[in-house]
Amino acid sequence: TNLGSIAKVQTGPFGSQLHEKDYVEQGTPIITVEHMGYGSIIEDNIPCVSESDTLRLKKFLLKTGDIVFSRVGSVDRSVLIKEYEDGWMFSGRCLRVRVTTNDILPTYLYYYFTQNSFRQYVRNNAVGATMPSLNSSILRRLKIIYPSISKQKQITEILSAVDDSLSNNRRRIQLLEEAARLLFREWFVYFRFPGHEKVHPIRKSNSNGVKIVDGVPKGWERIKFKDIISTIESGGRPKGGAIDEGIPSIGAENVNGIGRYDYSSEKYVPEEYYQNMKKGKVISKDVLLYKDGANIGRVTIVGYGFPHNKCCVNEHVFILRTKNNIQNWLYFFLSQDFIRQAVANLNSNCAQPGISQDKLSSLKIIFPDEEIVRLFDDVTESIVKQIFTLSIQNQKLAQARDLLLPPLMSGAIEV
């Protein structure tokens, strides 16, 4: 049957109805393409709309069981709306699918959408050569096959058990990351680092002579980024571009915070090309920075076998290494919103956004007392390691689910 006969497909609000400048810090969260992973919503810096805009655009609110598709770019991406996201909104570059019949379970339909065969089917039906896109008419015409409700329930129970474990691990990762972020802000933004109580806020000195100078504790320096960095380098791709097997090549789409990686979107370079690379090979605890494109300044950190034991970066990503191996501090420093904005501001080319090694090297920063930086790096190491451990667990769980999905959907495995 056609999707349009079992579900209503709705395009998000057009630009004339809701502009990006209308987004606010607090209000109703709105799911944008940038915040859609494969099967999960990336909540970091998710925009919100005001109460008045929410009331005005209430037809674009989401309910538990809705499925949201990316309308442009990676058009095979979809997420199932859980109870937690009930009442959120979706943006104009997304499509909402809402089941209208009792013959199919929304959760089953979502799993149907996540099959590799269906995702390829969606990509084949998209329009646009350089930027694939979907519209509601295309989505409505797509063919859907489904078994009895009882079979659907049995299939979704099996797959949901795996997804529940994935969700629990993602939540643990978020909590661990937030704990490290809060510690960073306490020590390096609010200056409540170990020993801060020795610094008198009024006299701007203490009995031991520790002073606040130019708004920062004595011993903190105003330096350039290059003063703490030993390596800024990017990789490349062979002639003809990346390939579909070989050594994983990390692109900008996977530079999106700690512990997050979309294996389905990655590309590869040949082993021989990798061996001959003089720059761009990734090692454990490298910090990676998105250097050109729409999201300049986004960062991630890799390590302990996540996302791979052996991989490289392409030409859109910088590898950053510090002189004194303070990689945890570097990641959380670059993750601060005001630092990311400062990095983005280094771009001077509106037509082709991007930053050079020289410009990044010249970024002016305030560098704390190195003893405190070293302590932060050591304290957060166990947190970072736990995040990588949970992320590797999630990779294995996702692989198990993806192996189960086709035979369950086809009936090859009896339930």
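Where is Val189 found? Val189 sits in the loop between helix 5 and strand 8 (212-213), where helices (H or I, at least four residues) and strands (E, at least two) are DSSP runs, numbered from the N terminus. Before I go on, let me say that this is a predicted model, in which local features need pLDDT of at least 70 and side-chain atom pairs count only at pLDDT 80 or more, while totals for chains, interfaces and linings use all residues. Residues are numbered from 1 along each chain as its sequence is written, and side-chain values use heavy atoms, with hydrogens and water left out.

Together with Tyr190 and Phe338, Val189 forms a nonpolar patch on the surface, with about 300 Å² of accessible area together. Patches here are made of residues with over 30% relative accessible area and no salt bridge, with like charges joined within 9 Å and nonpolar side chains (Val, Leu, Ile, Met, Phe, Trp, Tyr) within 5 Å; the accessible areas come from the Shrake-Rupley method with a 1.4 Å probe, and for residues only the protein chains shown count as cover. Phe191 is also placed in the loop between helix 5 and strand 8, and its phi is near 60°, a positive value in a residue other than glycine. With a relative accessibility of 25%, Phe191 counts as partly exposed.

There is also a charged patch to point out: Lys224, Lys226, Lys323 and Lys364 form a positive surface patch. In this scheme Lys and Arg count as positive and Asp and Glu as negative, with His and the chain ends not counted, and the place of a charge is taken as NZ of Lys, CZ of Arg, CG of Asp or CD of Glu. One of the four, Lys226, lies in the loop between strand 10 (221-224) and strand 11 (229-234), and at 45% relative accessibility Lys226 is partly exposed.

If we call it a salt bridge when a side-chain nitrogen of Lys or Arg is within 4 Å of a carboxyl oxygen of Asp or Glu, the count comes to 19 salt bridges. One of them joins Asp76 and Arg119, with the closest N and O atoms 3.1 Å apart. This pair links distant parts of the chain, since Asp76 is in the loop between strand 4 (67-70) and strand 5 (78-80) and Arg119 is in helix 3 (residues 116-125), 43 residues apart. Asp76 and Arg119 are both buried.

A second salt bridge brings together the side chains of Glu271 and Lys310, at 3.0 Å from N to O. Here again distant parts of the chain are linked, with Glu271 in helix 6 (residues 271-276) and Lys310 in the loop between strand 15 (299-301) and strand 16 (312-313), 39 residues apart. Glu271 is partly exposed at 36% relative accessible area, and Lys310 is partly exposed at 34%.

Now to the interior, and to helix 2 (residues 106-114), which is largely enclosed by the rest of the structure because 7 of its 9 residues are buried. The buried residues of helix 2 are Tyr108, Leu109, Tyr110, Tyr111, Tyr112, Phe113 and Thr114, and they pack against strand 4, strand 5, strand 7 (94-99), helix 3, helix 5 (149-188) and helix 10 (370-410). Within helix 10 we find Thr380, which is buried with a relative accessible area of 0%. Leaving aside neighbours within four places in sequence, Thr380 is in contact (heavy atoms within 4.5 Å) with Ala180, Leu183 and Asn328.

Finally, two points about the backbone. A cis peptide bond joins Phe306 and Pro307, with omega about 0°, and Pro307 is found in the loop between strand 15 and strand 16. Asn325, in the loop between strand 17 (317-322) and helix 7 (327-334), has a positive phi of about 55° although it is not a glycine, and at 52% relative accessibility Asn325 counts as exposed.

Methods:
Buried < 20%, exposed > 50% of the residue type's maximum accessible area, 1.4 Å probe, protein only.
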